[in-house]
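We will go stop by stop, selecting as we go.

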Amino acid sequence: MNTTMIAMGVAVLAGVGLVVTLGVLSLLSGGLHFLFARPRVEILKSEKGETGFAFGFKWNAAREPAKFNRIKLRLFNPFGSPTQVEKTVEFSPKSTNFAEDFDMAEAMKQILECDRLDDALLEIEVMASKEGVTHYFSMKVRKFLEKVKSATQTAAEFNEANKVDNSKPVYTIPSRSFIADPLPASNKALKIATNPEFAGQFQSADASAAPQENFAVSKVWIEDGCIVCNACEGIFPEVFEVTDDTCLIRDGAPLDDGLKILEAAEACPTEVIKFNKVG
Ligand code: SF4
């Protein structure tokens, strides 16, 4: 009994420990992401003179695939002078960590010279206008000025340090052609009907033969076996009449065109057309 109770207690403790461990890991994971993975803007050393403003921007491009192309500086100084300053600069879209250095001219001059530094607030907006994404960073103007004065890294150095290889992979595609290779050289001419060298070979066998002389027949008749296919009537309807069950020779059929009767006889599939030549 005591052993069972101890085992159950250990199991409960182990379960609670597992839940607590997972909770702590989850919190740590979220905290790490909050601290290190969220977008950050760094104030850099400008090379554009006294009114220059250089910044670097880092974010998780895999989580947020936006192309940032605009930055805005906004001064809110409700109790001092000037009370408000705003300056927006556009640049070519950047899809990975990047830095830029701009001459903000009069706007930067006003920010640098504003009073009530501990009350004035400076807001930096980094925007991806196409995707509609904006990240806001705000700080007291005093802190901003401290960062500007103490910055040592330039935009060029930031970009070098955060270099991302954006070159596209090169794929090699083997060259293929669907056009057949030319036939090997040969002295043989191609045998086609339009080739004058072989035109004679494509002529009908009878074409070169002397025309067959017509003849008359004395009698035409049909023997048993007609399958009423109509071939004979189609060739010489004046002589042959195909009925429902056989073929007949018409009364008064012309018998002077023996060639045509011969043609019908040769076309007859059952060879039941017979005739006698005159003489
Ligand atoms: S061609 Fe021959 S089989 Fe056909 S209908 Fe004429 S006689 Fe009959």
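Select Ile-43 and look across to strand β2. Its bridge partner there is Phe-55. Keep in mind that this is a predicted model.

Now widen the selection to β1 and β2, residues 52-58. Five bridges join these two strands, and they run antiparallel. The three strands form an open sheet in the order β1-β2-β5, with antiparallel pairing. Which strands are at the edges? They are β1 (40-44) and β5 (98-103), and each pairs on one side only. From one strand to the next, the twist averages 25°.

While a strand is on screen, look at its side chains. In a regular strand they alternate between the two faces of the sheet.

**Next stop: β3 and its partners**

Select β3, residues 68-76, and β4, residues 84-94. How many bridges pair them? There are eight, and the pairing is antiparallel.

Now select β6, residues 121-128. Strand β3 pairs with β6 as well, over seven bridges and again in the antiparallel sense. Here the landmark is Arg-74. It stands opposite Glu-123 in β6.

Go to the loop between β3 and β4 and select Pro-82. Is the peptide bond from Ser-81 to Pro-82 cis or trans? It is cis, with omega near -10°.

**Next stop: helix α2**

Select residues 105-113, which make up α2. Colour Ala-107, Met-108 and Ile-111. These are the buried residues of the helix. Now look down the axis of α2. The buried residues fall within an arc of 95°, so they line one face of the helix. An α-helix has 3.6 residues a turn, so residues three or four places apart point the same way.

What lies over that buried side? The cover of the buried residues includes β2, β3, β4, β6 and α3 (141-150). Show those elements together with α2.

Is Ala-105 buried, exposed or partly exposed? It has 14 other C-beta atoms within 10 Å, so it counts as partly exposed.

Now colour the shell by class.

**Last stop: Glu-271**

Move to the loop between α6 (258-267) and β11 (273-277) and select Glu-271. Its phi is near 55°, a positive value in a residue other than glycine. Is Glu-271 buried or exposed? Only a count is needed. Glu-271 has 11 other C-beta atoms within 10 Å, so it is exposed. The cut-off for exposed is 12 or fewer.

Conventions
Residues are numbered from 1 along each chain as its sequence is written. This is a predicted model: local features need pLDDT of at least 70, side-chain atom pairs count only at pLDDT 80 or more; totals for chains, interfaces and linings use all residues. Two strands pair if DSSP finds at least two bridges between them. Helices (H or I, at least four residues) and strands (E, at least two) are DSSP runs, numbered from the N terminus. Axes are lines fitted to C-alpha atoms, for helices over the stretch in contact, and angles run from 0 to 180 degrees between N-to-C directions. A residue is buried if 20 or more other C-beta atoms lie within 10 Å of its own, exposed if 12 or fewer, and partly exposed in between; C-beta atoms are placed from the backbone. The arc is that of the directions from the helix axis to the C-beta atoms. Two residues are in contact if their C-beta atoms, placed from the backbone, lie within 7 Å.
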